[in-house]
Amino acid sequence: KVVTLAFLLHDIGWSQVTESEIAASLGVSGLALNKTALGPKEKHAIEGTRIASKILQEHKAKLDLSESEIDLILKAIRYHDQPEQVASQGNQIPIEVKALVDLDHQWSFAKEAFWQDVYRKGIMDPQTYLDNLEKDLNSYFVTEAGRNMARLHLADRAQEVADFNSQFLK
C-alpha cells in the first residue's frame, strides 16, 4: 500500500513546475544531473511532498493509513530522486523508498522513455545515450533487483539502437 501510493503520487509536484523549469530539468549527461537540472527536480519533490501530504491527510481514513505510513510515503516522494539524502541524515534507506527509487528509475530504460529522451535531449546518436545509461546504471539504482531489471531493458534498447543504426545510418 505504501509503495503503491508513493508511486502514484511521486511526480505530482511536476504540476507546480513551469515549462521552462521542466526544460531545464532535462540537463543531463546519461543519468547524472547538471546543476541547472537539480533545481526543478528538487522543486518537484518538495511540491510533490506538500500536495501528497494534503491528499493523504484528507483521505487517511478511507485509505486506512497510519501516520507512520503517511510519513513513509512522504519520505519516499521527497527523496525518490535523491535517496542518498536519507542515508546522509544517519538513517538507513527504508525498503519502500528504495522500491520507489528503482521503480521510478526504470522509466529511463523503458522503450518509450529511451527514445523520447534521445529526441527531447537532442542526442544525435542513440548509441551515446545507451552508453551513458549503461555507465550510470550501477549508481542509479539502489537495489540489485532494480539493476538487474534495468540490464534487461538495456539489452532490449541495445538491439533497437543496432536496428536503428543499420536501417538509418547505412
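Q: Which backbone oxygen lies 3.0 Å from a polar atom of the side chain of R147?
A: That is the backbone oxygen of N138. This is a predicted model, where local features need pLDDT of at least 70, side-chain atom pairs count only at pLDDT 80 or more, and totals for chains, interfaces and linings use all residues. Residues are numbered from 1 along each chain as its sequence is written, and side-chain values use heavy atoms, with hydrogens and water left out.

Q: OK, and what else does R147 touch, not counting residues up to four places away in sequence?
A: R147 touches L137, F141 and V142 as well as N138. Touching here means a contact, with heavy atoms within 4.5 Å.

Q: Is R147 buried or exposed?
A: R147 counts as buried because its relative accessibility is 17%. Buried means under 20% relative accessible area, exposed over 50%, and partly exposed in between (1.4 Å probe, protein chains only).

Q: How much of the chain counts as buried?
A: For the protein chain, 39% of the 170 residues do.

Q: Back to R147, which helix is it in?
A: R147 sits in helix 10, residues 144–168. Helices (H or I, at least four residues) and strands (E, at least two) are DSSP runs, numbered from the N terminus.

Q: New topic: how many helices and strands are there?
A: The protein chain has 10 helices and 2 strands. In sequence order they run α-α-β-β-α-α-α-α-α-α-α-α.

Q: And what size of box do the C-alpha atoms fill?
A: Taken along the principal axes, the box is roughly 60 × 35 × 30 Å.

Key: Polar contact = N/O pair within 3.5 Å; in protein donor to acceptor, adjacent residues only side chain to side chain.
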